[in-house]
Amino acid sequence: MAFSSEREKLNLRKRHARARGFAFLCALVTWSSVLILGILLFQVCIDGFGWLDWEFINSFPSRFPDRAGIKSALVGTMWLISLVAAISIPVGVSTALYLEEFAAKGRLSKLIEVNIANLAGVPSIVYGILGLAVFVRYFALGRSLISGALTMSLLILPIIIIASREAIRTVPMSIRYAALSLGATRWQTTWAHVLPASFPGIMTGVILSLSRAIGETAPIIMIGALTFVAFLPAGPMDSFTVLSIQIYNWVARPQPEFHDLAAAGIIVLLAVLLLMNATAIYIRSKTERRLK
Amino acid sequence: MSNYTSRLLFTATILMAGTILLASCSQENTGSPTGSMAENVLSGVVSLDGSSTVYPVSEAMAEEFRNVAPDVRVTVGVSGTGGGFKKFLAGETDINDASRTIKDSEIAEAQANGISYLELPVAYDGLSVVVNPSNTWVDYLTVDELRMIWQPGSIVDSWDDIRAGWPEQPIRLYGPGTDSGTFDYFTEAVNGESGASRPDYTASEDDNVLVQGIIGDENSLGFFGFAYYKANAGRVNVVPVDGGNGPIAPDEVTINDGTYSPLSRPIYIYLSASGAAKPQVRAFVEFYLDMAPSLVSEVGYIPLPESDYIAAKAALANF
């Protein structure tokens with residue numbers, strides 16, 4: 001024990017130093033990305049805060065920066081996200097449940113799995129082209145909210161499916177065995193036990209994917225969302241615009257006032273995003289508590 | 001079973017009530033009781049799409065038209081001149097915003113689809129050639145010199161390649177990307193062929209990026225729309241262009257009277273025959289031409305001479 005205590009001490013010190021170094025590196029990486037985000041947000045707030053008032057929220061776009069607002073874009077975004085959620089969540093979660101709980105683990109389900117994983121990596125503009133060909137032209141839905149929502153749903157479905165499957169997989173087998181041994185059918189087991197238990201994980205996937213959908217511009221432009229819309233959509237068949245397009249248009253303008261308006265638009269977009277996430281997190285924590 | 005049906009019915013009722021609520025809410029917001037009696041009866045949709053260069057003009061028109069005809073829904077999209085023509089020639093839009101004239105291939109498509117149209121010039125846009133403010137040597141450039149710089153296979157690498165006596169410093173070029181109408185027009189006016197350009201320049205579809213690039217680079221030379229120069233005058237220097245009659249700098253007067261040549265171009269709207277058959281579309285285009293002299297300059301473009309608008313209105317009346 002005693003014959004190499006000096007060396008051991010030295011060794012131990014070195015190892016501790018290395019551990020501290022690694023921890024420091026991790027912290028540095030974390031904080032630098034937070035810092036960059038902070039600087040960006042700070043810059044956006046400085047530029048946009050002065051333009052942010054009720055007038056801005058409640059006006060249609062205009063060539064005068066003082067009069068321009070994001071009413072049609074904000075309402076369009078809310079319509080779109082609601083429709084996307086209504087379409088993609090049931091389809092995505094059902095698909096995940098089928099693949100995890102019902103489908104026979106064979107070559108076919110393997111094929112579907114690989115395809116879904118690949119679809120998650122397809123660039124968003126490709127979904128835009130697909131949406132244009134299938135929903136706008138073939139199904140003749142026109143350049144409407146519903147076309148946009150269906151296209152966006154396709155875009156985020158792979159993410160929802162993958163996240164939901166991961167969540168479903170974390171539900172212990174013992175819960176399924178217990179339910180089945182008490183005489184529950186497979187459907188009852190899935191609906192009453194597996195789904196509620198995996199719900200928080202599914203919600204996380206839903207939050208992430210809807211956040212992605214709210215910021216996407218390319219596929220929405222492709223399927224023909226407009227830039228100047230001075231009315232609110234009355235139904236899913238109406239034409240529309242969304243926040244990201246309005247922001248993009250303002251950033252590209254020559255006059256610097258419009259760049260500040262874009263910053264104000266970004267603040268509103270972030271606020272909508274935060275509100276959405278907060279709601280989802282609230283629902284998640286509610287359901288988590290119920291399970292205990 | 002009946003329990004299930006009643007629940008389904010309940011859900012459907014709620015959904016319908018929600019839709020009606022949203023619909024009535026938005027109707028309340030689109031209407032305003034101003035406007036003359038004659039134009040108050042106008043309703044329906046006017047759909048525009050196309051060039052991002054023309055967009056600010058069409059946006060201003062759409063905005064003002066709401067005061068005249070509040071029940072007409074004017075929508076303006078931005079998918080580029082070419083992208084807009086695709087929709088226009090498929091009969092999906094009434095009007096296309098274009099920063100260039102229609103191409104032969106597009107004319108052929110129009111004939112194949114049985115679409116007839118009317119070309120209406122609405123304003124001038126002057127392409128501005130600009131340099132960094134600390135560039136003290138460039139006093140003007142001739143069109144030949146511009147061609148020497150921008151032509152495909154150009155060997156101009158430093159400023160003294162252009163004119164003897166200019167510093168032996170590398171020249172760095174900035175310009176719009178190949179998808180833009182501005183690029184098409186510049187290459188046609190300078191290099192003689194639309195789309196022909198040296199490829200080794202910094203390209204961006206966003207003119208603000210070009211402005212930033214030129215501000216940050218002492219040896220830069222670039223070109224973009226006049227509106228972007230006007231918004232950044234003082235931060236970039238405009239270069240007068242000699243098209244054969246001495247160096248002329250672009251401004252409201254020289255672009256309007258045509259002396260700033262060849263780098264000023266008209267921008268257009270294209271009206272389809274099916275669009276012109278709708279009263280609200282026709283009224284909108286008449287309004288567009290009436291208001292152009294005053295609204296065009298508000299958004300950074302230069303109005304056409306008065307006679308051009310009169311000619312355009314006459315063409316519209318006969319279409």
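Here are some friendly questions and answers about this predicted model.

Local features need pLDDT of at least 70 and side-chain atom pairs count only at pLDDT 80 or more, while totals for chains, interfaces and linings use all residues. Residues are numbered from 1 along each chain as its sequence is written, chains are lettered from A and ligands numbered from 1 in the order in which they are written, and side-chain values use heavy atoms, leaving out hydrogens and water.

User: In which order do the three strands of the open sheet in chain B stand?
Analyst: Helices (H or I, at least four residues) and strands (E, at least two) are DSSP runs, numbered from the N terminus, and two strands pair if DSSP finds at least two bridges between them. β5 (141-142) and β11 (247-248) of chain B each have a single partner strand, so they stand at the edges. β5(B) runs parallel to β10 (residues 241-242) of chain B, joined by two bridges. The order is β5-β10-β11.

User: Is strand β6 of chain B largely enclosed or open, and why?
Analyst: Buried means under 20% relative accessible area, exposed over 50%, and partly exposed in between (1.4 Å probe, protein chains only). Four of the five residues of β6 (residues 172-176) of chain B are buried, so the strand is largely enclosed by the rest of the structure.

User: Which residue of β7(B) stands opposite G175(B)?
Analyst: β6(B) and β7 (residues 202-204) of chain B run parallel, with three bridges joining them. Across this pairing, the residue opposite G175(B) is A203(B).

User: Which residue of chain B meets R63(A) in a salt bridge?
Analyst: A salt bridge is a side-chain nitrogen of Lys or Arg within 4 Å of a carboxyl oxygen of Asp or Glu. In this pair the N to O distance is 3.1 Å, and the partner of R63(A) is E64(B). R63(A) lies in the loop between α2 (54-57) and α3 (71-102) of chain A and its partner in helix α3 of chain B, so the pair joins two chains. Both residues are buried, R63(A) and E64(B).

User: How many salt bridges are there over all chains?
Analyst: One of them joins K313(B) and D290(B), with the closest N and O atoms 3.0 Å apart. Over all chains, the count comes to 26.
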